[in-house]
Amino acid sequence: MQTIKLAVISTPADYNTCPLDTIYNNFIDALLVVKYGLENNKRLIHFSTCEVYGKMIGSFLPKDSSLRQDPAYYLPTEDASPCIFGPIEKQRWSYACAKQLIERLIYTEGVENGLEFAIVRHFNWIGPRMDFISGINGPSEGVLRVLACFSNLDDLSKANGHIFNVGNPNNEVIVRQLAKMMTEVSGEPPLEAPIVDVSSKEFYGEGYDDSDKRNLDMTIINKQLGWNPKTLL
């Protein structure tokens, strides 16, 4: 039997405006799920986030360094990359810190108390029901939203004690490019100004911070489960 942890506050604007709620939801509330798995001898499949990696090493290179163009400095791996966050007053990192701490607790419970687990670090997913509204887009019960975007959960049951990056490295896109794509496929009449540039400070508020970019290494999930993404934007 398995316990699947999906519930999470995962909206960047909330990291700044509701940092306490973000920390409590992603760490304190998650403790109950871990405890349940231990007490009932259930495997835990925990859905985390690529944000636990924080800032990439490439973000700290000199602005004029040619190495900033090297993808290797923006390619985090599950078992080797450091997790580097911004200053405490940058509340944006409240989410990533909470998610990393619950990962560390799950891992330690596995080492010391035999908790069986798999951790999924997702790199932004696309797919049906991603904006599913209960009772409006479908039935109010019995609907799994995000799992349809991943793979068969039986695969994860074969990989105890592992952490997996999950996403599609071929779908790297900046927000401006994504906005342009959305205007082209929406079917709506063209707007006079369809794309407007807004700074992260304006959009998310004070305390926002981020990495320049974060690429995706799929080596471990491909080796352990033979899984590769197939869907392009």
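This is a predicted model: local features need pLDDT of at least 70, side-chain atom pairs count only at pLDDT 80 or more; totals for chains, interfaces and linings use all residues.
In soluble globular proteins, nonpolar side chains tend to be buried together. In this model the largest nonpolar core has 19 residues. Phe164, Val166, Ile221, Leu225 and Trp227 have the most contacts inside this core. Two or more residues come from each of β2 (43-47), β3 (117-122), β4 (162-166) and α7. Helix α7 supplies the largest share, three residues. Another core, of 11 residues, lies apart from this one and includes Phe27, Val34, Leu115 and Ile119.

Helix α3 comes next. Its 20 residues, 94-113, should span 28 Å at 1.5 Å a residue, and the end C-alpha atoms are 28 Å apart, so the two values agree. Among the buried residues of α3 are Tyr95, Ala96, Ala98, Ile102 and Ile106, but also Lys99, Gln100, Glu103 and Glu109. The cover over the buried residues of α3 includes the helices α1 (12-17) and α2 (19-39), together with the strands β2, β3 and β4. Just after α3, Gly114 has a positive phi of about 80°.

Helix α2 contains Ala30. This alanine counts as buried because its relative accessibility is 2%, and the cut-off for buried is under 20%. Leaving out residues up to four places away in sequence, Ala30 touches Lys5, Asn25 and Ile102. The C-alpha atoms of Ala30 and Leu6 are separated by 9.7 Å, while the two residues are 24 residues apart along the chain.

Between α2 and β2 runs a loop that holds Asn41. Asn41 has a positive phi of about 55°, although it is not a glycine. With 73% relative accessibility, Asn41 counts as exposed.

Strand β2 contains Arg43, which is buried at a relative accessible area of 10%. The C-alpha atoms of Arg43 and Asn160 are 8.5 Å apart, although 117 residues separate the two along the chain. Which residue forms a salt bridge with Arg43? The partner is Glu116, and the closest N and O atoms of the pair are 3.2 Å apart. Glu116 lies in the loop between α3 and β3, 73 residues from Arg43, and the pair links distant parts of the chain. Glu116 is partly exposed, with a relative accessible area of 37%.

The whole structure has 10 salt bridges. In one of them, the side chains of Lys55 and Asp209 meet at 3.2 Å, N to O. Lys55 is in the loop between β2 and α3 and Asp209 is in the loop between α6 (200-204) and α7, so this bridge ties together parts that are 154 residues apart in sequence. Both Lys55 and Asp209 are buried.

Asp197 and Arg176 also form a salt bridge, with their closest N and O atoms 2.8 Å apart. Asp197 belongs to the loop between α5 (175-185) and α6, whereas Arg176 is in helix α5, 21 residues away. Asp197 counts as exposed at 58% relative accessibility, and Arg176 is partly exposed at 40%. Elsewhere, salt bridges link Glu51, Arg92, Asp210 and Arg214 in a network.

Notes
Residues are numbered from 1 along each chain as its sequence is written. Side-chain values use heavy atoms; hydrogens and water are left out. A nonpolar core is a set of buried Ala, Val, Leu, Ile, Met, Phe, Trp, Tyr and Cys residues joined through side-chain atoms within 4.5 Å. Buried means under 20% relative accessible area, exposed over 50%, partly exposed in between (1.4 Å probe, protein chains only). Helices (H or I, at least four residues) and strands (E, at least two) are DSSP runs, numbered from the N terminus. The expected span of a helix is 1.5 Å times one less than its number of residues. Contact means heavy atoms within 4.5 Å. A salt bridge is a side-chain nitrogen of Lys or Arg within 4 Å of a carboxyl oxygen of Asp or Glu.
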